[in-house]
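Trainee: I would like to go through the ligand site in this model. Can we take it one step at a time?

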Amino acid sequence: MSAHFNELVLSVHHWTDTLFSFTCTRDPAFRFKSGQFTMIGLMLEGRPLLRAYSMVSAHWEEHLEFLSIKVPDGPLTSRLQHITPGDTVLIGRKPVGTLLTESLIPGRNLYMLATGTGLAPFMSLIKDPESYEPFERVILVHGCRNVAELAYDHFIQDELPRHELLGDMVREKLIYHPTVTREPFRNRGRITDLMFSGALPKQLDLAPIDRMRDRVMLCGSPALLGDFAAYFKAGQWAEGSSSNLGQYVIEKAFVEK
Ligand code: A2P
């Protein structure tokens, strides 16, 4: 059996010159948990060229969706950015990943913190009712350089709260806080500064972050993860895993070098 499924591209959306997303068919045998990633890619000269990508889709969705940067000389994304409906993409059969709400001790507020394409696994998670149940509030913070990079902002703000099955829970629990660092916008600043200073919980009328009550999921650039790793260590936060529930989980955004 091949290590991947062959799936058909259904739609492609170009958010900016450097950011796009696409949907493709999903083999019924491909099962995953919301928040996980798998290897995806293209056949190149008879060989698979694959990179890790988080699913934007929730586990229950019929189709698969992925969010990607475009790297001009990136081995995969320089090609993947040109896919069109009807093309074939490879989807690895083995989803994995640490961004699982089941690895967290239930708590008060769950912070989902993402920069850039690190948003992808949280798109999956905010469409999954199980992400909301253990928490009073879910706060999704997406940090980007520019407003145009705030992918899915319209969906999160306008469509998800009206979703037939998820809408009630989303309206009751989800707080979406997009923030931009390099141009004017209603919310400005780096996620690290906003969280470490306590400015963000305060602005959202939430209690100061507290490891005994609050949980954090993190996906973004290595620099962001490094800063938070130091913060968690200093505050003695416990990292969660499938065998030991904890107070935070981390995954790097899979940016192609
Ligand atoms: P900044 O514009 O101040 O560098 P990138 O496109 O480089 O991946 O960055 C995405 C977002 O993440 C940008 O808003 C960027 O802010 C921010 N960022 C980069 N490094 C860090 C870090 N160490 N901590 C918090 N935010 C960061």
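Predicted model: local features only at pLDDT ≥ 70, side-chain atom pairs only at ≥ 80, totals over all residues.

Trainee: Which element gives the most to the shell around the ligand?

Mentor: β8 and α7 are the elements to look at, as each supplies at least two residues of that shell. Residues around the ligand include C144, R145, A223 and L224. With three residues, the element that gives the most is α7.

Trainee: Which space is taken by the ligand?

Mentor: A molecule is assigned to a pocket if more than half of its atoms lie within 2 Å of the pocket's grid points. For the ligand, the space taken is the largest pocket.

Trainee: What is the volume of the largest pocket?

Mentor: The lining of this pocket divides into ten nonpolar, twelve polar and seven charged residues. α7 provides the largest share of that lining, four residues. The volume of the largest pocket is about 840 Å³.

Trainee: How far is an N or O atom in the side chain of R182 from an oxygen atom of the ligand?

Mentor: Polar contacts are pairs of N or O atoms within 3.5 Å. The side chain of T192 has an N or O atom 3.3 Å from a nitrogen atom of the ligand. A polar side-chain atom of R190 is 2.8 Å from a ligand oxygen atom. For R182, the distance to an oxygen atom of the ligand is 2.6 Å.

Trainee: What percentage of the ligand's accessible area does the protein cover?

Mentor: On its own, the ligand has 560 Å² of accessible area. The part that the protein covers is 79%.

Notes
Residues numbered from 1 in each chain as written. Heavy atoms only, no water. 1 Å grid on protein atoms, 1.4 Å probe; cavity = no way out; pocket = protein on both sides within 12 Å on 5 of 7 lines; lining within 4 Å. Points joined across faces, edges and corners; volume = space filled by probe spheres on them. Nonpolar A, V, L, I, M, F, W, Y, C, P; charged D, E, K, R; others polar. Near = heavy atom within 4 Å. Polar contact = N/O pair within 3.5 Å; in protein donor to acceptor, adjacent residues only side chain to side chain. Areas by Shrake-Rupley, 256 points an atom, 1.4 Å probe, with all protein chains shown as cover.
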